[in-house]
Amino acid sequence: IRTEDPRLLTTGGVYVDDLRTPELSVAARLTFVRSPVAHARITGIDTSEAISEPGVIAVLTVQDMDDLAPPPPDSGEGPSEAPAPIGGVWSEPLLAADTVRYVGEPVAVVITDSGYQGEDAADLVSVDYDPLPAVVGPAAAVADETLLFPAAGTNVMATHPVPTDDAPFEACEVVVEQDIVNQRVACLPMEGRATAASLANGKLTVWHSSQNAQLCRFIVAGVLGMDPAQVRVVVPDVGGGFGAKVGIDRDAIIVAWAARKTGRALRWAETRSENLVGMTQGRAQLQHVKIGGNRDGRILAYRI
């Protein structure tokens with residue numbers, strides 16, 4: 001029996017959006033403006049109508065991100081093993097700049113006194129999109145007919161070659177080959193993504209629903225260009241993760257940045273629809289499997 005189970009089953013848990021710490025007592029709410037299209041050029045963003053709405057504190061776009069260091073240059077050796085930030089041809093801004101690459105990509109944020117005001121004001125942010133061909137599924141991605149990062153020259157971010165020697169199969173009595181589709185899945189935790197952030201005395205505190213507080217701290221510090229000693233990450237109870245909450249993703253980093261930018265304590269808890277389009281998803285694999293063995297069921301060779 002896990003030590004936390006009696007409390008969770010009786011009095012219940014305390015999740016990010018339940019927190020009532022003094023730093024968050026007057027926290028404002030952050031609402032995302034998200035792309036409704038999978039791939040397009042952004043030709044204009046008009047925030048004037050939204051900013052005049054009651055309760056709106058600020059409306060921020062990528063143009064306001066003038067306090068971030070540019071991403072690291074391309075090393076020429078492909079993507080780094082470090083989780084963030086990715087530089088070179090694969091770099092993307094926290095808020096979309098000139099291009100959106102998936103439905104739900106954050107384009108702007110609205111900061112308001114309450115969450116309901118944020119939803120109304122976000123609808124008033126006008127974004128002009130010039131649609132581009134969408135890339136749907138791994139087969140279309142590797143075809144490279146439409147590139148999401150044109151400077152990369154490909155959609156293939158990393159390759160891991162495997163041996164193609166067929167000699168081990170020559171001694172097999174039976175050889176079977178099969179194409180296998182492992183469908184894309186949404187992790188769908190009961191508690192969606194949630195983040196709160198506050199800046200005080202030069203130190204940024206981030207409350208986040210995550211499976212790894214240390215990794216969160218490393219990523220936030222790296223992306224925001226801060227000394228890790230200036231960043232504190234607090235992980236309260238977590239209502240499910242399933243691997244998608246191992247670190248901290250783009251949307252949550254935006255919350256931390258916006259708190260530093262505005263000097264206001266901020267809260268964000270995503271809706272279920274946001275979770276389905278914005279959270280990291282899994283699988284979506286196309287695999288060609290070759291298995292060889294004897295007729296008694298003994299496997300002698302395997303390649304995927």
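Author: Strands (E, at least two residues) and helices (H or I, at least four) are DSSP runs, numbered from the N terminus. This is a predicted model, where local features need pLDDT of at least 70, side-chain atom pairs count only at pLDDT 80 or more, and totals for chains, interfaces and linings use all residues. Residues are numbered from 1 along each chain as its sequence is written, and side-chain values use heavy atoms, leaving out hydrogens and water.

Reader: Why are β8 and β9 called paired?

Author: Pairing requires that DSSP finds at least two bridges between two strands. Six bridges join β8 (residues 194-200) to β9 (residues 203-208), so they count as paired, and they run antiparallel. A200 stands opposite K203 in β9.

Reader: What makes β3 and β10 edge strands?

Author: The open sheet has seven strands in the order β3-β5-β1-β11-β8-β9-β10, with mixed pairing. β3 (56-60) and β10 (231-234) each pair on one side only.

Reader: Which residues is I248 in contact with, leaving aside its neighbours within four places in sequence?

Author: Contact means heavy atoms within 4.5 Å. By that rule, I248 is in contact with V206, H208, C216, I219, V220 and I253.

Reader: What makes a set of residues a nonpolar core?

Author: Its members are buried (under 20% relative accessible area, with a 1.4 Å probe and protein chains only). They are Ala, Val, Leu, Ile, Met, Phe, Trp, Tyr or Cys, joined through side-chain atoms within 4.5 Å. The largest such core here has 34 residues, and L30, L224, I248 and L266 touch the most other members. Helix α7 (250-262) gives the most to this core, with eight residues.

Terms used: Buried means under 20% relative accessible area, exposed over 50%, partly exposed in between (1.4 Å probe, protein chains only).
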